[in-house]
Amino acid sequence: MGGKDTGTTSDDERYFLHGGRRWRRADPSLPDNVGRRLLSHLGRARAEVATRKRAGEDKALAAARERVRLAKTGLGERGDPWWEQTARERRDRWTSALEDLDALAAGDAPDD
């Protein structure tokens with residue numbers, strides 16, 4: 001797919017409304033397995049944000065928030081709009097996010 005995807009989707013496909021705010025939808029071109037992995041990382045990162053916030057652990061909270069940012073960027077909910085990216089740029093976005101998130105998760109694993 002050459003060129004940009006600008007104009008191929010409507011605002012209804014790009015955004016949804018919740019609580020009176022407009023939120024960007026995830027990239028619909030995400031393969032199912034990639035979307036599941038990114039959502040799994042996102043859920044774990046959000047839980048970590050809540051835990052670290054309650055504990056007042058600022059450094060760990062910042063790291064957890066960075067993981068949320070990476071997951072949402074991989075999903076296409078943050079960063080450059082997915083509808084303005086080429087197919088290659090979209091694939092590179094989610095691949096890079098997953099590589100970074102997997103590396104961070106591996107660093108969290110307990111030593112055997």
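In this predicted model, arginine 90 and aspartate 27 are both buried. Their side chains form a salt bridge, with N and O 2.7 Å apart. The two partners come from distant parts of the chain, 63 residues apart: arginine 90 lies in helix α4, and aspartate 27 lies in the loop between β2 (21-24) and α2 (32-55).

The count of salt bridges comes to seven. Three of them are listed here.

| Salt bridge | N to O distance |
|---|---|
| Arginine 90 – aspartate 27 | 2.7 Å |
| Glutamate 57 – arginine 52 | 2.3 Å |
| Lysine 72 – glutamate 77 | 2.4 Å |

Glutamate 57 is partly exposed, at 32% relative accessible area, and arginine 52 is also partly exposed, at 25%. Lysine 72 has a relative accessible area of 9% and is therefore buried, the cut-off being under 20%.

The crossing of α3 past α4 is left-handed. On the α3 side the contact involves Arg67, Leu70, Ala71, Thr73, Gly74 and Leu75. On the α4 side it involves Arg93, Trp94, Ala97, Asp100, Leu101, Leu104 and Asp108. By class, the residues of this contact are seven nonpolar, two polar and four charged.

Methods
Residues are numbered from 1 along each chain as its sequence is written. This is a predicted model: local features need pLDDT of at least 70, side-chain atom pairs count only at pLDDT 80 or more; totals for chains, interfaces and linings use all residues. Side-chain values use heavy atoms; hydrogens and water are left out. A crossing is left-handed if the near helix is turned anticlockwise from the far one by less than a right angle, and right-handed if clockwise. Helices (H or I, at least four residues) and strands (E, at least two) are DSSP runs, numbered from the N terminus. Contact means heavy atoms within 4.5 Å. Ala, Val, Leu, Ile, Met, Phe, Trp, Tyr, Cys and Pro count as nonpolar, Asp, Glu, Lys and Arg as charged, and the others, Gly among them, as polar. A salt bridge is a side-chain nitrogen of Lys or Arg within 4 Å of a carboxyl oxygen of Asp or Glu. Buried means under 20% relative accessible area, exposed over 50%, partly exposed in between (1.4 Å probe, protein chains only).
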